[in-house]
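Here is my note on the model, point by point. Please keep the structure open while you read.

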Amino acid sequence: MTLASAGATAAERAASRRRDPIVEAGRNCWRVDRAQRFYCVQDAADYFLLVRQALLAAQHSVFILSWDITGTIDLAPGRDLNDGAPQQLDALIAFVARRRPSLRIFILTWDYGLLYTLERDPFSRIRFKWRMPRNVKFGFDDRHPFGASHHQKVIVVDDELAFCGGIDLTGHRWDTSAHRPDEPERKTPLGKVYGPYHEVQAMVDGAAAASLGMLARDRWRLLGATRLPRPTSQPSELWPSSVRPDLTDVDVAISRTVPGSETQPAIRECEALFFDAIARARRSIFIENQYFTHADLARALAARLEERDGPEVIVAVPQECDGWLERNTIAIFRNDAVRLMIAADRYKRLRVVCPMAAPGVPTFVHSKVMIVDDVFVRIGSANCARRSMGMDTECDLAVEGESDEVRAGIAHIRDRLLGEHLAMPVEEVAPAIERAGSIAALIDARAHESHTLVRLEMAEPPTEVSSTVQTVVDPDEPIGFGAAVDSLVPPVDAVSERDPLRTWILPMALVIGAAMVAWQSTGSLLPSELRTVRETVGTPIRDAGAIATGIGLFVIGGVSMIPIELLAILSGVAFGALSGSAVAFSGALVAAAIAYLLGRVFGAATAARWMSRRSYRSARQMGRQGLAGMVVLRLASLASNASVGMLAGAGRVSFGTYLLGTAIGLAPVTVVLAGFGALLGRTIGQPSIANGLVTIGAGLALIALAFAVRTLLLIRQFAPTLSRHRERAEFG
């Protein structure tokens with residue numbers, strides 16, 4: 001029987017309320033703001049519908065911060081809402097933006113870099129930028145240290161309604177709270193079926209929502225955006241009438257994790273809030289978390305379990321860690337943390353459990369929730385892992401309250417979550433806890449049900465993992481070269497409408513090839529000067545001096561950041577396939593060497609002014625992997641030759657490794673592109689329908705070949721250890 005039960009006296013209940021507050025602005029949270037309403041959204045089926053409804057009602061601004069986003073997800077799978085608006089996410093956003101031209105929509109997602117391309121929607125930029133109205137802005141967030149990610153999952157509508165928690169608008173998230181073993185609509189956008197999946201998101205309004213709008217704007221400003229909508233001064237009623245809030249008129253704390261850099265200290269509010277909440281607990285600590293690997297958090301809980309009158313501790317986690325990497329790292333870290341608590345559990349108040357939708361059918365836990373007694377509830381994106389404390393960007397919301405109304409609301413949230421896991425109606429959970437005597441006793445009593453919570457089983461004997469491996473897999477602060485991103489890459493405008501020149505190189509070449517057909521039919525009408533140009537271009541240059549000059553011009557162009565794809569094609573046009581290949585390869589290699597030396601001499605500060613963010617990410621990821629990494633970078637990336645070289649020099653990559661990897665990677669690229677250039681030159685000099693069609697066909701084949709090679713390299717980079725792991729998006 002708990003002190004909060006009906007049998008407790010008024011004096012006992014009053015005594016139970018006298019405690020030091022958990023929430024403290026400036027220590028374990030950024031700020032505390034009032035919300036008229038607070039609601040715990042259970043699972044993505046409900047969440048997706050609420051987001052869709054909010055987007056349709058938006059009038060002024062929408063901000064979406066995410067770890068991942070997929071435009072093709074159906075927000076209401078298996079249903080026909082029949083309201084005239086699309087159900088697919090990207091179509092819905094375009095529909096809303098066109099219907100209200102004054103509405104401004106900002107979508108920011110983690111820039112996962114080159115190696116994560118296959119695990120994400122490769123057409124995100126097309127879906128959310130190129131195909132959207134101009135009032136929709138889309139950006140990739142890469143303002144984080146090497147190995148870290150932007151992990152916040154926040155949506156703010158009109159600075160009046162906001163969502164914050166662990167759910168992204170992406171595939172492999174949707175499920176209902178029933179978590180049926182056989183759910184026909186639970187499948188990825190590609191049609192692949194996945195198992196039961198548990199998620200949680202908080203929904204708030206009022207000043208708390210406005211503060212999340214400030215957080216979203218700050219994130220965009222960090223990327224260089226300046227033209228952001230001001231917070232609206234015209235409040236609107238966006239709260240869905242169908243949702244009865246769990247809490248009303250409460251203060252909401254916003255806690256963050258932001259990794260430190262040379263220019264700003266780390267923000268570790270999420271970490272502080274975890275420890276403070278554990279220290280203040282009296283009767284129970286209920287945790288749902290995708291990861292539970294933080295040894296210091298485990299020690300803090302273990303210390304409370306050693307107390308004679310300490311709280312019971314319930315931790316719900318996924319049954320298994322998927323993929324080779326997690327089974328050999330994360331699972332071991334989790335087992336070590338759990339064993340710490342088990343060793344301290346002398347009074348048997350610990351339950352580390354896994355939800356089961358049916359015997360042999362686990363429900364994956366992706367939520368990040370903490371409830372202490374009936375006075376504190378926390379929902380957000382931070383895992384109980386080291387990287388969520390100081391490496392990734394995180395955002396959690398928390399409510400603390402001592403009034404009877406707030407305590408009843410927090411207890412109701414806990415009972416709804418327990419009822420979902422134990423297949424019990426929410427109104428039956430509290431009486432069942434009272435009869436059993438504790439939450440742990442209720443879980444034990446229902447352990448043999450088909451839809452229930454079962455004890456976590458850990459492999460024996462324990463496996464050792466070196467501290468070095470733990471630092472790499474689950475770091476709690478930035479590590480290695482590239483940690484201080486701000487010092488290497490200056491802010492750029494994330495909402496810029498300009499696209500890289502190289503995006504249009506091959507399409508432009510195809511257009512030129514097609515134009516040759518028309519040129520043939522009008523050749524007699526051309527001015528003599530243009531006929532001379534056509535004849536000159538159609539005759540490859542063989543002179544040795546001219547070839548040497550071509551190499552020099554290639555070097556100058558390469559160092560000047562002109563894309564090597566364009567330079568290689570022009571070399572083929574001017575010198576033919578064989579000589580053009582020699583010119584392109586030699587020029588690219590010399591330009592790469594010069595760029596490396598420039599980066600070595602002038603350092604990262606100067607190099608930063610000349611390199612693109614994507615070049616920086618690619619070189620940073622692959623350059624750390626030695627010769628093989630440099631080869632893959634050259635084959636798989638369209639990064640500028642000079643920018644990669646300058647970064648490699650500034651980062652003190654071995655010159656021999658860099659140059660050899662560059663030579664191996666550039667050789668096939670320059671040969672193929674110069675060959676295409678020679679074909680294009682022949683078509684210009686001898687225009688005909690046959691030559692034009694051959695040129696167009698070769699260009700299309702080249703595009704397909706580049707995509708196939710890049711895909712193969714990325715698959716080889718991940719398989720077999722990470723492909724399944726990343727498919728389930730476990731890092732999110």
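1. Terms and basis. Buried means under 20% relative accessible area, exposed means over 50%, and partly exposed lies in between (1.4 Å probe, protein chains only). This is a predicted model: local features need pLDDT of at least 70, side-chain atom pairs count only at pLDDT 80 or more, and totals for chains, interfaces and linings use all residues. Residues are numbered from 1 along each chain as its sequence is written, and side-chain values use heavy atoms, with hydrogens and water left out.

2. Ile 126 is partly exposed, at a relative accessible area of 30%. Its place is helix α4, residues 124-130. Helices (H or I, at least four residues) and strands (E, at least two) are DSSP runs, numbered from the N terminus. Together with Phe 123 and Trp 130, Ile 126 forms a nonpolar surface patch of about 270 Å² accessible area. Patches take residues with over 30% relative accessible area and no salt bridge; like charges are joined within 9 Å, nonpolar side chains (Val, Leu, Ile, Met, Phe, Trp, Tyr) within 5 Å. A salt bridge is a side-chain nitrogen of Lys or Arg within 4 Å of a carboxyl oxygen of Asp or Glu. Accessible areas come from the Shrake-Rupley method with a 1.4 Å probe; for residues, only the protein chains shown count as cover.

3. Chain totals. The chain has 25 helices and 19 strands. Of its 732 residues, 57% are buried. Contact means heavy atoms within 4.5 Å. Among contacts with a separation of 6 or more, 81% join residues 24 or more positions apart.

4. Cores. A nonpolar core is a set of buried Ala, Val, Leu, Ile, Met, Phe, Trp, Tyr and Cys residues joined through side-chain atoms within 4.5 Å. The largest has 53 residues, and Phe 38 and Leu 212 have the most contacts inside it. Neighbours within four places in sequence aside, Leu 212 contacts residues including Val 154, Ile 254 and Leu 397. A second, separate core has 46 residues, among them Tyr 39, Ile 69, Leu 89 and Trp 174.

5. Helix α3. Which residues are buried in α3 (residues 89-99)? They are Leu 89, Asp 90, Leu 92, Ile 93, Ala 94, Val 96 and Ala 97. Their cover includes α2 (44-57), β3 (104-110), α4 and β4 (136-141).

6. Helix α12. Here Val 429, Ala 432 and Ile 433 are the buried residues of the helix, which spans 426-436. They sit on the same side of α12, because their arc around the axis is only 105 degrees. The arc is that of the directions from the helix axis to the C-beta atoms. Exposed Glu 427 and Arg 435 are on the face turned away from the buried side. Cover for the buried residues includes α11 (404-422) and α13 (439-445). Just after α12, Gly 437 has a positive phi of about 105 degrees.

7. Two single residues. Is His 294 buried or exposed? With 4% relative accessibility, His 294 counts as buried. His 294 lies in the loop between β11 (284-289) and α7 (295-306). Arg 34, in strand β1 (residues 31-42), is partly exposed at 38%.
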